[in-house]
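Please brief me on this chain. Cover selected residues, the core and the overall fold.

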Amino acid sequence: MIAIVTAAVFFSGMGVYGLVAPAALVRPFGIQVTGAHARTEVRAVYGGFGLAFAGLLVVAAIDAEIRRGAVIAVAVALAGMAAGRLVGRVFDRPAAFYPTWFYFWAELVLAVALWLAVD
């Protein structure tokens, strides 16, 4: 249950930050958000996705009937995000720990923790 709550908090933070300050959220990655379409895209992908997954995890923490499927889905999504960073390592070779590797490890640890939390 600790892994589920921790992941829900992680996604809640990302979601709220993505909705409220889209340019600031992606700035550490060197992404320039220069217009309404770009802000809307960050809000959708980081804000909406983050809050949707946070909500799913909250429901999973409460409802045992959906817990297994919901937790597996979020664990796989986190593993996919971490895998995408590994692909970036092969093609782009980001060297600095923050932000790329910080988020890689956060995603990987949460994915494993959620996988281990599956009943």
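Arg67 counts as buried, at 15% relative accessibility. Buried means under 20% relative accessible area, exposed means over 50%, and partly exposed lies in between (1.4 Å probe, protein chains only). Arg67 is found in helix α4. Helices are DSSP runs of H or I with at least four residues, strands are runs of E with at least two, and both are numbered from the N terminus.

This is a predicted model, in which local features need pLDDT of at least 70, side-chain atom pairs count only at pLDDT 80 or more, and totals for chains, interfaces and linings use all residues. Residues are numbered from 1 along each chain as its sequence is written, and side-chain values use heavy atoms, with hydrogens and water left out.

**Buried residues and their contacts**

- Contact means heavy atoms within 4.5 Å. Leaving aside neighbours within four places in sequence, Arg67 is in contact with Met1, Ile4, Ala60, Ala61, Ile62 and Asp119.
- Ala7 is in helix α1. Its relative accessible area is 0%, so Ala7 is buried.
- Not counting residues up to four places away in sequence, Ala7 touches Leu57, Leu110 and Leu114. Ala7 and Ala54 are 47 residues apart along the chain, and their C-alpha atoms are separated by 7.3 Å.
- Val33 lies in the loop between α2 (22-26) and α3.
- Beyond its neighbours within four places in sequence, Val33 is in contact with Pro22, Ala23, Val26, Ala38, Arg39 and Val42. From Val33 to Ala23 the C-alpha distance is 5.3 Å, across 10 residues of sequence.

- Arg93 lies in the loop between α4 and α5. At 56% relative accessibility, Arg93 counts as exposed.
- The phi angle of Arg93 is near 55 degrees, a positive value in a residue other than glycine.
- Pro99 lies in helix α5. The peptide bond from Tyr98 to Pro99 is cis, with omega near 10 degrees.
- Thr100 is also found in helix α5. It is buried, at a relative accessible area of 15%.
- With neighbours within four places in sequence left aside, Thr100 is in contact with Phe29, Arg85 and Pro94.
- Tyr103 has its place in helix α5. Its relative accessibility is 22%, so Tyr103 counts as partly exposed.
- Tyr103 touches Phe29, Arg85 and Tyr98, not counting residues up to four places away in sequence.
- Tyr103 and Met81 are 22 residues apart in sequence, and 9.0 Å apart in space from C-alpha to C-alpha.

**Nonpolar core**

- The largest nonpolar core has 19 residues. Such a core is a set of buried Ala, Val, Leu, Ile, Met, Phe, Trp, Tyr and Cys residues joined through side-chain atoms within 4.5 Å.
- The residues with the most contacts inside this core are Phe11, Leu57, Val71, Val74, Leu78 and Leu114.
- Helices α1 (2-20), α3 (36-62), α4 (64-92) and α5 (97-117) each supply at least two residues of the core. The largest share, six residues, comes from α1.
- Leaving aside its neighbours within four places in sequence, Leu114 is in contact with Ala3, Ile4, Ala7, Val71, Val74, Ala75 and Leu78.

**Overall fold**

- The chain has five helices and zero strands. Along the sequence, the pattern is α-α-α-α-α.
- The radius of gyration is 15 Å, close to the 14 Å that the globule rule gives for 119 residues, so the chain is as compact as a globular protein of that length. This radius is taken over C-alpha atoms, and the rule is 2.2 Å times the number of residues to the power 0.38.
- The C-alpha trace spans about 45 × 30 × 15 Å along its principal axes.
- Of the contacts with a separation of 6 or more, 63% are between residues 24 or more positions apart.

**Surface and charge**

- Of the 119 residues in the chain, 31% are buried.
- The accessible surface comes to about 6900 Å², and 70% of it belongs to carbon and sulfur atoms. The areas come from the Shrake-Rupley method with a 1.4 Å probe.
- The mean positions of the 8 positive and 6 negative charges are 12 Å apart. Lys and Arg count as positive, Asp and Glu as negative, while His and the chain ends are not counted. Each charge is placed at NZ of Lys, CZ of Arg, CG of Asp or CD of Glu.
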